[in-house]
Amino acid sequence: MLTFAKVLLIIVAIALILVVLLQSSKSAGLSGAISGGAEQMIGRKARGFDAVLARITAGLAVSFIGLTLWVAWLISHAS
């Protein structure tokens, strides 16, 4: 069971890295972090492919955290 969980964690981690790298850049460095944050708060929403990638990223991030906790629990209860 531990081996299965570790392999699944590696697959999810690689998928998360790939999905994050596929996303388009939304800011222009440090200046974009200051001014771009206000634009996103006002109501600019991602559309199309960016929205799908954002949802996939969120799902993979939640699964990554859950799998990491599960693997840690399995390791602590292995003996």
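Modeller: A residue is buried under 20% relative accessible area, exposed over 50%, and partly exposed in between (1.4 Å probe, protein chains only). The structure is a predicted model, where local features need pLDDT of at least 70, side-chain atom pairs count only at pLDDT 80 or more, and totals for chains, interfaces and linings use all residues. Residues are numbered from 1 along each chain as its sequence is written, and side-chain values use heavy atoms, without hydrogens or water.

Colleague: Why is A72 called partly exposed?

Modeller: Its relative accessible area is 43%. That value falls between the 20% and 50% limits, so A72 is partly exposed. A72 sits in helix α3. Its C-alpha atom is 10.0 Å from that of A5, 67 residues away along the chain.

Colleague: What makes something a helix here?

Modeller: A helix is a DSSP run of H or I with at least four residues; a strand is a run of E with at least two; both are numbered from the N terminus. The protein chain has 3 helices and 0 strands. Along the sequence they give the pattern α-α-α.

Colleague: Is F4 buried or exposed, and how do you know?

Modeller: F4 has 51% relative accessibility. That is over 50%, so F4 counts as exposed. F4 belongs to helix α1.

Colleague: Why is T57 called buried?

Modeller: T57, in helix α3, has a relative accessible area of 15%. That is under 20%, so T57 is buried. Leaving out residues up to four places away in sequence, T57 touches L16, V19, V20 and Q23. Contact means heavy atoms within 4.5 Å. The C-alpha atoms of T57 and Q23, 34 residues apart along the chain, are 9.4 Å apart.

Colleague: How many of the residues in the protein chain count as buried?

Modeller: Of its 79 residues, 16% do.

Colleague: What makes α1 roughly antiparallel to α3?

Modeller: The axes of α1 (residues 2-22) and α3 (residues 49-76) cross at roughly 155 degrees and come within 9 Å. That angle makes α1 roughly antiparallel to α3. Under 35 degrees counts as roughly parallel, over 145 as roughly antiparallel, 65 to 115 as roughly perpendicular, and the rest as oblique. Angles run from 0 to 180 degrees between N-to-C directions, on axes fitted to C-alpha atoms over the stretch in contact.

Colleague: Which residue classes make up the contact of α1 with α3?

Modeller: There are 22 nonpolar, 3 polar and 1 charged residues.

Colleague: What makes a set of residues a nonpolar core?

Modeller: Its members are buried Ala, Val, Leu, Ile, Met, Phe, Trp, Tyr and Cys residues, joined through side-chain atoms within 4.5 Å. The largest nonpolar core has 10 residues: A5, L9, V12, L16, V19, L53, L60, L67, V71 and L74. α1 and α3 are the elements that give two or more residues to this core. V19, one of its members, touches L53, I56, T57 and L60, not counting residues up to four places away in sequence.

Note on methods:
Ala, Val, Leu, Ile, Met, Phe, Trp, Tyr, Cys and Pro count as nonpolar, Asp, Glu, Lys and Arg as charged, and the others, Gly among them, as polar.
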